[in-house]
Amino acid sequence: MPTLAQITQSIMQDPDNQSFTAKSIEPLFAAPTTARINIVGQAPGVKAQESRLYWNDKSGDRLREWLGVDRDTFYHSGMFAVIPMDFYYPGKGKSGDLPPRKGFAEKWHVPILANLPNIELTILIGQYAQKYYLPENELNVTETVRHFRDFLPHFLPLVHPSPRNQIWLKKNPWFEQEIVPTLQKQVKAILSR
């Protein structure tokens with residue numbers, strides 16, 4: 001089994017990633033072998049890639065609030081893996097960031113996860129993570145999140161914590177009333193073991 005350092009080198013040497021490697025941009029993910037919770041999002045935002053710190057923006061602040069953890073626990077406890085669908089900022093599109101590249105997760109998630117034997121919960125943020133990890137599920141993001149109990153105990157689907165989703169959150173108050181407390185309870189139980 002390749003080590004995480006070897007996997008990182010392979011990612012950087014992959015021809016599909018040469019434009020990033022040529023600019024000394026390393027893949028942005030976290031995979032401590034002690035991790036118990038894996039967070040799968042879309043791809044790093046431009047601010048995260050520039051700062052070399054995943055979820056280092058307003059979306060990350062809200063995500064940590066939903067998880068019920070502070071920055072120190074999130075970044076330094078060794079309990080959280082962050083393995084997005086693409087490890088590089090995909091660029092800007094007409095209405096926000098471009099989607100993660102196709103085939104990226106298929107190539108790199110399995111070898112990385114093989115190094116993480118303690119994952120108890122995988123949090124799936126947004127449509128790309130949900131489609132990849134829940135291939136049999138045919139519901140849209142809202143309905144997938146609403147039916148989150150169907151995917152427990154291994155997966156918990158969420159909407160993206162982006163400030164752009166403020167309107168969605170107002171239209172769907174059940175999310176913060178029911179799902180956020182359930183998420184916090186799950187996270188607290190896992191971290192206290």
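Start by selecting E143 and R146: they sit three residues apart in helix α8 (residues 141-146), so about one helical turn separates them. Helices here are DSSP runs of H or I with at least four residues, strands are E runs of at least two, and both are numbered from the N terminus. The two side chains meet in a salt bridge at 3.2 Å, N to O (a Lys or Arg side-chain nitrogen within 4 Å of an Asp or Glu carboxyl oxygen).

A word on ground rules. This is a predicted model, with local features needing pLDDT of at least 70 and side-chain atom pairs pLDDT 80 or more, while totals for chains, interfaces and linings use all residues. Residues are numbered from 1 along each chain as its sequence is written, and side-chain values use heavy atoms, leaving out hydrogens and water.

K107 meets D14 at 2.8 Å and D16 at 3.5 Å. D14 counts as buried at 10% relative accessibility, whereas D16 is exposed at 52% (buried is under 20% relative accessible area, exposed over 50%, partly exposed in between, with a 1.4 Å probe and protein chains only).

Stay on α6 (residues 104-113) and show F104, A105, W108, H109 and I112, which are buried. They share a side of α6 because they cover an arc of only 105 degrees around the axis, taken from the directions from the helix axis to the C-beta atoms.

Last stop: L67, which touches I39, F74 and F80, among others (contact means heavy atoms within 4.5 Å).

Note on methods:
Lists of a residue's contacts leave out its neighbours within four places in sequence.
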